[in-house]
Structures are given as C-alpha cells and as structure tokens.
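The sequence and the model come next, followed by notes on selected parts.

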Amino acid sequence: MTCKHQCDGKNRHKNGKSSFWMQDPELVFGELNLKEGDYFLDLGCGPGDYSIRASQLVGNSGIVYALDRNHDAIVDLRDKAVSVGSKNIKAEVCDISGPLPVKDSIVDICFISTVLHSLNLADVEKTLFCEIKRVLKPDGRVAIIECKKEVQPFGPPIGMRISPEELEGTITQYGFERISLSDLGCNYLIQFKRASENLPDPCGQTSCDIVLRPVGIIKNKIEKPFLVAGGSGLKIQGDLEDALGKIDRTSEEISNIIIDEGLAGILDGIEEYSHLIILYWAHKVPEEGRSLTKVHPMGREDIPQRGVFCTCSPARPNPVLMTVVRLQERKGNVLMVTGLDAVDGSPVIDIKPYVKDFYPQEGVHIPEWMQRLQEEVGKIKSRRKSNIN
Ligand SMILES: C[S@@+](CC[C@H](N)C(=O)[O-])C[C@H]1O[C@@H](n2cnc3c(N)ncnc32)[C@H](O)[C@@H]1O
C-alpha cells in the first residue's frame, strides 16, 4: 500500500497530532476487531480520536482508558467524550513510561499509536512493556501503529522511526509474540499477544511491586491501635498501664478471623493446632509512618531510638504484623482466636501453624532495653491480675 496522507485541515488538533486520519480508520478498527464489553487502553491517546471510536465499539459494558501526559489533550478529550455521549472513557493525565493507573489483567487491547518513536525506548521499554503485560488479560493483545522506517515528506526523521522488526526484537524480550503485521500506507500496525512458550520472564524478576491479596479479615472489638504510628514516630494511646490493660484483654476476648470463602479447603486440618501465627496488614498505619526508619521503642522517649527492624513497631516500610494466637474454635471459614492484638478490619495476609520447636530455645539474646520493657510489662500485668482477684 502506498503512503497517502489523508489528513485535511479540518482534522488537525490543537492538542497534539493524531495519526487517525493518516490511514483509513476503519482499516485499523477492522484489524483490532473490538467487541462489545472489551476494555481498550489507549496509551499516548493524544486528541483521542481512536479512543472515541473505540468507546462506541465497546459500548456501555466496555471501558476505554485514554492516557496521555499532555494535560490539555486529556481535558479536551473529556469534553469531547461528553459532547459525543461517550460515558465509558476514563481519560487521565499519565506519563506512560511509569506505572499505569489500571488494574491487573483487565485490558483486552492495549493500543499505542505513533507514540513509541517519540520515547527513548531503550530507557523505558522494561517498565512500559512490563506494565502492559500486567494490565493485559491473559488473552489480551498489544496493537502498535508506527511510521514506516522510510523517508516520507512528513512525520519523524528516519533516525527516530522504528521498523516492525526492531519493535518485535524489543517486545519479544518481555514475553510477547507477534500475531500480525498490517500495511496501513504511511504506517504499519503490528499486534502481539503473550508468548505461548514459557520463556524466562524479565518482568517477574525485576518487578518492584509485590501484589498481596488478603486471605481474610479480622473482626473484633479493638477500634484503635494501642501504638499510634505517625510521621513523627510512635505514640502510645493513654499510658502504658492503660495500653497494656487493653492488650491483656485480648488474651481473653475472641477475635474472629474470617477467611475468604473462595479459599475453601485452605483451613482443613487447622483444628489440630492449639496456636497459630497470624500475619496481618496494619491498615491503620498512615503512609508517613511507613517512611520511619528509627523509633523510640513503644513510643517511650526515655529509651533511645532504635532502627525499626530492631523493634516490633507497627510503623515500618511494609506494615506486616505478626501475632501468635490461641485457636479456640473453627466454624467453617471462621477461626475464633484469643490473644490477637490486631485492630478490627485488619486484612489477613497469611496464617501458619505455631510449632514451638521451629524456633531457637537456647542462647537467645535480647537487648537490655527490651528486657527492661518486658519486665515492666510483666509487673503491670501481675499488678492488674492481683487487683482483679
Ligand atoms: C503523535 S501523538 C499520537 C496521538 C494518538 N495516539 C494518535 O495516534 O492519534 C503522540 C502522543 O503521545 C503522547 N506521549 C508521548 N510521550 C508520552 C509519555 N511518556 N506518556 C504519555 N504520553 C506520551 C504525546 O503527548 C502525544 O499526545
């Protein structure tokens, strides 16, 4: 097919160029084969002509995510979507060389039209293609339009152009394989899917984000954490005696750990253990608490600051907390336990059996300040006990 630029003056946009009119758009959409209900991701959407057309094809049960770093283009696209009655377009300002604001495994087609040549692909390819892989459904496709690598009277200089072979060489390193290559005249459209071969996955090996899926939720009467974490450090609620009284009550009060019903069978055999280790996410720790590296243990300013990893502080980079509890009863997917100090609503990350002998019993050393704290706690506990009796 020869290169004939179909763009007339009417189709020029003030917020960036569009490749929409460089070829017959229906030829492109014929190749994309969008269906009602599809999720379409338009990376570097520019004026959004493709997004608007896609929104009509995927209908109200589908979604179009239109992302571009150009703020004005996104504002205009939102207005355009309203004026044509497209309610299924989510247009966001976003630099596509970083994390994409799209959930995992929901996208049917990730579309990138005449954008890649303008990026420094060598610098951004890993993040970009790993992010695309993350958001694509297992059978999703990546569709890329690029300018042919030939001298043309318009468009990017030849040195910036990327040939289909170069593109394929890059994207296949991230676990994709080519499914089609179409001639659009001035441009080409190349499509990829996940590689069927089980190749080493550079995305899996280098990903910085770990996705945790809660396995359940904790339900009890503890409304607030007894140690409050903030940007300036830890603060105990009330005085130590007060706080310990509350903790002490958790040794008698029942917490219900409700395990996700979709994980049926995961608890089978658990009743044979008396004690369990509960790992949960301290969801009440504010973001600024996660950047603390040193704290006064238990918020006690009379004890010098210690590195967070030397303490059981809830404020830590990943607020994963661990408590050994006594299993009182299991009713289906609900574990009724005592001794759990987690706040009501805490997401449960994992459960393991407590096997005393797994842990060293001899030659265990703890710092002097920790020993002192333990002794104080012991004294307060026995005072409370004798007051109750
Ligand atoms: C030539 S236009 C193509 C627009 C649209 N895809 C089309 O074909 O009609 C390239 C677009 O990519 C956007 N873009 C370039 N680099 C980007 C980045 N790192 N993050 C988000 N958008 C980017 C630009 O703002 C511009 O709107």
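## Pro314

Pro314 is buried because 23 other C-beta atoms lie within 10 Å; a residue is buried at 20 or more such atoms within 10 Å of its own C-beta atom, exposed at 12 or fewer and partly exposed in between, with C-beta atoms placed from the backbone. The model is predicted: local features need pLDDT of at least 70, side-chain atom pairs count only at pLDDT 80 or more, and totals for chains, interfaces and linings use all residues. Residues are numbered from 1 along each chain as its sequence is written.

Pro314 sits in the loop between strand 14 (306–307) and strand 15 (320–331); strands are DSSP runs (E, at least two residues), numbered from the N terminus. Beyond four places in sequence, the contacts of Pro314 include Pro225, Ala282 and Leu321, a contact being two C-beta atoms, placed from the backbone, within 7 Å.

## Nonpolar cores

A nonpolar core is a set of buried Ala, Val, Leu, Ile, Met, Phe, Trp, Tyr and Cys residues joined through C-beta atoms within 7 Å. The largest has 57 residues, of which Phe40, Leu41 and Cys110 touch the most other members. Strand 5 (residues 136–147) gives the most to this core, six residues. A second, separate core has 26 residues, among them Ile218, Phe226, Tyr280 and Ala282.

## Domains

The chain is assigned domain 1 (9–206) and domain 2 (216–361), with bounds from an automatic or database domain assignment. Their centres, taken over C-alpha atoms, are 44 Å apart.

Note on methods
Helices (H or I, at least four residues) and strands (E, at least two) are DSSP runs, numbered from the N terminus.
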